Amino acid sequence: MDDYINQLLELISSAFYTKNTNRQLIDDDDYINEFADQYINGTPVKISDKTGIEKFQFPPIEKLSEEQIDVLLPKIEELLLSYNWEFIFPENVSNEVRYGFITGKWDTKHVFCKQGIVQIETCKFDDKNCPFPAHCSICNKLKDNTDHALCKGKVDFDSLTPDFESETTPEMRKNIDKFKELMRTSNSSEYITGIHNYCDGRCNKCDFTKRCSSYALNEEMNNVTNNDDNESSDDNLMIILKATTEFIEEELEKRGIDAQETINELSNTDNVVNDKKHPLEIKAESYAEKVKRWLDSNQREIESRIVSEQTTIKNYFESITWFQLFIPAKVSRALSIFKNSQMQSSDEYDSNGSAKAALLGMDESIEAWENLMNNIPQKEDSILNILRHLSEIRAEVEKTFPKAREFKRPGFDTGD
């Protein structure tokens, strides 16, 4: 077998596409446009036909040792890269699995481009038929409870109340007081109370920015923090943290609550709440991971479509990426009601509002995925599986929060 491996390596070396000198997508409009044109309009060809190496010439996995695979695989992948083809695998996929997958797909057809890498999708995001069940957990990533970002007993609440008093300059003091005053006026009649809690965060598309206290506060912060100087940036961070800390302490004091006692109580591990993640929360996080994986695997497809088809395709991708993390964040907030043993009516109100925000994000994302599938039919399988996953999340959110669709978002649904 070693003699055959050596002959195969020589065959691979002789099959390299030597005329290609622009393997990377160069940041030049001419090259980008040329790549997009080749990618969108090119005729797919078999890897075996283009390279001149037939599929049967690769030995099956069971006849190769681990060492032989380790020698063959890099040369095969280097050969593919010479033709600007790259199989995109999840992390931690073994050489044995990569070799078997690539050689198994050797007769599949792909567009050949002289400029830019053509990424070859290896995953269809089908939970029930995963090609890498022992190497990839994207579809069913169940995170251990101890990994929860805010697991009680692991957060040092004292560290969240920094003391910057000794470093406060008169100018910083002025800005701290300015922020505090802005926070106090957030309940002014000119602002719609709570409008920012249930929006999608796209201020540039919002008609209510002048009536949103969160937008006003962010604008004021940007005026102060928009400075590239590192030292000034540190000062700006101090201003924001100090203003927030003082504001909270003062508000607690007005209500007869001692801030330090509250911090000590929160830090007490005896007061641990149920921080185990809800299955629906995990499913929403899994969706975000699938989107990231799909975007990474189809980066060149995205670039080409945006360049060649401009606004329409770009809008679909913007919707998908905008709500990628928004959806699990809002689902998590909505589900927090189940972790509160002393639930109040305000908790149910917030959960329904958060659930509605998540549902609206899912509605727009599903529409974007459907339009994307119509424009890129060759990606139908993977997009359908992602759509199925997101549709299941939407149905479960609607079932878990039956009043969410009826929720009246301040401003947006109340006609303020």
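1. In the predicted model, Leu-280, Lys-283, Ala-284, Ser-286, Tyr-287, Lys-290 and Trp-294 of helix 10 meet Ser-382, Ile-383, Ile-386, His-389, Leu-390, Glu-392, Ile-393, Glu-396, Val-397 and Thr-400 of helix 14, where contact means heavy atoms within 4.5 Å. By class, nine nonpolar, four polar and four charged residues form this contact of helix 10 with helix 14. Ala, Val, Leu, Ile, Met, Phe, Trp, Tyr, Cys and Pro are counted as nonpolar, Asp, Glu, Lys and Arg as charged, and the others, Gly among them, as polar.

2. The axes of helix 10 (residues 279–297) and helix 14 (residues 380–400) come within 10 Å and cross at roughly 155 degrees. Axes here are lines fitted to C-alpha atoms, for helices over the stretch in contact, with angles running from 0 to 180 degrees between N-to-C directions. Helix 10 and helix 14 are therefore roughly antiparallel; angles under 35 degrees count as roughly parallel, over 145 as roughly antiparallel, 65 to 115 as roughly perpendicular and the rest as oblique. The crossing of helix 10 and helix 14 is left-handed, a term for a near helix turned anticlockwise from the far one by less than a right angle, right-handed being the clockwise case.

3. On the basis of the note: residues are numbered from 1 along each chain as its sequence is written, and side-chain values use heavy atoms, with hydrogens and water left out. As this is a predicted model, local features need pLDDT of at least 70 and side-chain atom pairs count only at pLDDT 80 or more, whereas totals for chains, interfaces and linings use all residues.

4. The chain holds 14 helices and four strands, assigned as DSSP runs (helices H or I, at least four residues; strands E, at least two) and numbered from the N terminus. Of its 416 residues, 41% are buried, that is, under 20% relative accessible area, with exposed over 50% and partly exposed in between (1.4 Å probe, protein chains only). Among contacts in the chain with a separation of 6 or more, 82% join residues 24 or more positions apart. The accessible surface of the chain is about 23,200 Å², and carbon and sulfur atoms contribute 47% of that surface; the areas come from the Shrake-Rupley method with a 1.4 Å probe, and for residues only the protein chains shown count as cover.

5. Helix 4 (residues 66–82) and helix 1 (residues 2–14) have axes that come within 10 Å and cross at roughly 15 degrees. From helix 1, Asp-2, Ile-5, Leu-8, Leu-9 and Ile-12 meet Gln-68, Val-71, Leu-72, Lys-75, Ile-76 and Leu-79 of helix 4. This contact of helix 1 with helix 4 has eight nonpolar, one polar and two charged residues by class.

6. Helix 4 also packs with helix 5 (residues 95–104): their axes come within 10 Å and cross at roughly 50 degrees. Helix 4 and helix 5 are therefore oblique to each other, in a left-handed crossing. Here Ile-69, Asp-70, Leu-72, Leu-73, Ile-76, Glu-77 and Leu-80 of helix 4 meet Asn-95, Glu-96, Arg-98, Tyr-99 and Ile-102 of helix 5. The class count for the contact of helix 4 with helix 5 is seven nonpolar, one polar and four charged residues.

7. Ile-76 belongs to helix 4 and is buried, at a relative accessible area of 1%. Residues up to four places away in sequence aside, Ile-76 touches Ile-12, Phe-58, Tyr-99, Ile-102 and Trp-106. Ile-76 and Ile-102 lie 26 residues apart in sequence and 8.7 Å apart in space, C-alpha to C-alpha.

8. Asn-84 sits in the loop between helix 4 and strand 2 (85–88). Its phi is near 65 degrees, a positive value in a residue other than glycine. Most residues other than glycine have a negative phi. Asn-84 counts as buried, at 0% relative accessibility.

9. Trp-85 lies in strand 2 and also counts as buried, at 0% relative accessibility. Beyond neighbours within four places in sequence, Trp-85 is in contact with Val-45, Lys-46, Ile-47, Lys-50, Leu-80, His-110, Val-111, Phe-112, Val-118 and Ile-120.

10. Gln-38, in helix 2 (residues 29–41), is buried, with a relative accessible area of 17%. Neighbours within four places in sequence aside, Gln-38 is in contact with Val-111, Cys-113, Lys-114 and Gln-115. Gln-38 and Ser-304 are 266 residues apart in sequence and 9.1 Å apart in space, C-alpha to C-alpha.
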